[in-house]
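Here are my notes on the structure, as numbered points. Please keep the 3D view open while reading them.

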Amino acid sequence: MILSRVIKSKMDRTIKFVFKHNGQEVEFSYIDNYTDKDIICVPCQTMCNMSCDFCYLTKHVGGIKSKNIESSSIFLAIKHIWQNLGLSKNKRPLLISFMGSGEPMDNIIEVIDTMKLVREFYTHSKFAISTIMPKKSKNMESFNYLVQQALIHPELKIKLHLSLHYTEDDIREVHMPSASRISESVNCLRVYGEATCNEIEVHYILSTDTFQDDNAELQLSYKLGQILATVKKHVTVKFMAYSDEQNNSKRVIDSCAEIIVMYMKNQGFNKVEYYKPPGNDIGSGCGQFIL
């Protein structure tokens with residue numbers, strides 16, 4: 001990994017670090033959400049071939065090579081960011097979040113190995129993986145490996161994030177063609193949470209398109225309540241403001257999001273929040289890891 005450039009957001013404290021890796025650019029983002037932790041959002045692949053149509057990377061499928069990034073390279077980039085920003089002075093917990101370019105389940109061994117390397121370097125670190133639970137033959141093999149490693153290494157405290165974004169399988173299939181069926185994905189989330197006692201989370205994108213029908217907020221919260229019934233007691237439901245490359249996070253109607261959060265809480269979901277991805281002006285939102 002060779003550092004190519006550093007880009008700072010003018011909107012918040014997000015900083016993007018662009019590295020050269022075997023001739024390709026890979027991007028990492030440091031995020032400070034004004035909370036009690038430092039966050040580094042990292043890639044696991046040089047591209048993503050999942051082809052979700054709301055992701056900026058999808059337009060580059062076939063044009064940019066998708067390669068797994070080895071754990072040693074990811075670790076070196078994380079270490080560089082850590083030292084460059086002097087994070088040791090903060091003495092805050094460090095969250096390494098695999099939400100950058102790529103699908104973690106397609107590179108799960110290197111992802112877990114990265115966590116082990118970071119944990120040796122910084123003992124107050126914890127980790128998160130964001131996945132669509134891809135519908136490939138090796139999907140369950142990767143998932144089982146994740147569960148196994150989370151049990152063997154409980155100190156890693158790996159939070160599992162499921163990118164859901166739709167409530168109907170046929171619609172989700174159109175927009176997220178590589179994702180497993182909703183029931184299968186949620187069941188994996190349940191199994192992981194029950195087996196490891198680690199945190200589990202569901203992500204759902206909101207935009208003005210979400211609210212075109214009357215009572216859309218009530219309909220969406222009701223459907224999600226049914227879908228997530230088996231994980232209700234333990235899951236965090238995070239609604240996310242849609243951000244695209246044209247900086248259109250304003251598309252989201254904040255008041256509608258607040259209503260959905262209220263409806264979900266009324267159904268007994270205690271951990272529900274509305275989140276606006278940071279660093280939108282430098283392309284650090286989910287699916288924006290190419291400037």
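1. Cys-197 sits in the loop between α5 and β8. This is a predicted model, and in it Cys-197 has a positive phi of about 65 degrees, although this residue is not a glycine. Is Cys-197 buried or exposed? Its relative accessible area is 69%, so Cys-197 is exposed, the cut-off for that word being over 50%.

2. Met-133 also deserves a look: this residue is not a glycine, yet its phi is positive, at about 55 degrees. Met-133 belongs to the loop between β6 and α3. Its relative accessibility is 2%, so Met-133 counts as buried, which requires a value under 20%.

3. The loop between β6 and α3 (139–152) also holds Lys-135, whose partner Glu-173 lies in helix α4 (residues 169–175). Lys-135 has 42% relative accessibility and counts as partly exposed. Glu-173, at 39%, counts as partly exposed too.

4. A salt bridge also joins Glu-201 and Lys-159, and here the closest N and O atoms are 3.1 Å apart.

5. Arg-181 and Asp-169 form a salt bridge through their side chains, at 3.0 Å from N to O. Arg-181 is in the loop between α4 and α5, whereas Asp-169 is in helix α4, 12 residues apart. Arg-181 counts as partly exposed at 48% relative accessibility. Asp-169, with a relative accessible area of 23%, is partly exposed. Elsewhere, salt bridges that share partners join Arg-13, Asp-32, Asp-38 and Arg-92 into one network. The structure holds 12 salt bridges.

6. Next, the aromatic rings. A pair of aromatic rings is described by the distance of the centres and the angle of the planes. The count is 6 aromatic pairs. Phe-19 and Phe-28 form one of them, an edge-to-face pair with 5.4 Å from centre to centre and 80 degrees between the planes. Phe-19 counts as buried at 2% relative accessibility, and Phe-28 counts as buried at 0%.

7. What kind of pair do Trp-82 and Tyr-122 form? Their ring centres are 4.5 Å apart and their planes lie at 50 degrees, so this pair is tilted. Trp-82 is in helix α1 (residues 71–84) and Tyr-122 is in the loop between α2 (108–121) and β6 (125–131), so the pair ties together parts that are 40 residues apart in sequence. Both Trp-82 and Tyr-122 are buried. Together with Phe-75 and Phe-121, Trp-82 and Tyr-122 form one aromatic cluster.

8. Thr-114 has its place in helix α2. At 0% relative accessibility, Thr-114 counts as buried. Leaving aside residues up to four places away in sequence, Thr-114 touches Ser-71, Ile-74, Phe-75, Ile-78 and Phe-98. Phe-75, one of these contacts, is a member of the aromatic cluster in point 7.

9. Helix α6 (residues 216–227) has 12 residues and reaches 16 Å from its first C-alpha to its last, close to the 16 Å expected. Its buried residues include Ala-216, Glu-217, Leu-220, Ser-221, Leu-224, Gly-225 and Ile-227. They cover an arc of only 160 degrees around the axis, which puts them on the same side of α6. An α-helix has 3.6 residues a turn, so residues three or four places apart point the same way. The cover over the buried residues of α6 includes α5 (182–196), β8 (200–206), β9 (235–241) and α7 (254–266).

10. The charged end of Lys-238 sits over the ring of Tyr-275, at 4.7 Å from the ring's centre.

Conventions
Residues are numbered from 1 along each chain as its sequence is written. This is a predicted model: local features need pLDDT of at least 70, side-chain atom pairs count only at pLDDT 80 or more; totals for chains, interfaces and linings use all residues. Side-chain values use heavy atoms; hydrogens and water are left out. Rings of Phe, Tyr and Trp (its six-membered ring) pair if their centres lie within 6.5 Å; planes under 30 degrees apart count as stacked, over 60 as edge-to-face and the rest as tilted. Buried means under 20% relative accessible area, exposed over 50%, partly exposed in between (1.4 Å probe, protein chains only). Helices (H or I, at least four residues) and strands (E, at least two) are DSSP runs, numbered from the N terminus. A charge sits over a ring if NZ of Lys or CZ of Arg is within 6 Å of the ring centre and within 35 degrees of the ring normal. The expected span of a helix is 1.5 Å times one less than its number of residues. The arc is that of the directions from the helix axis to the C-beta atoms. Contact means heavy atoms within 4.5 Å. A salt bridge is a side-chain nitrogen of Lys or Arg within 4 Å of a carboxyl oxygen of Asp or Glu.
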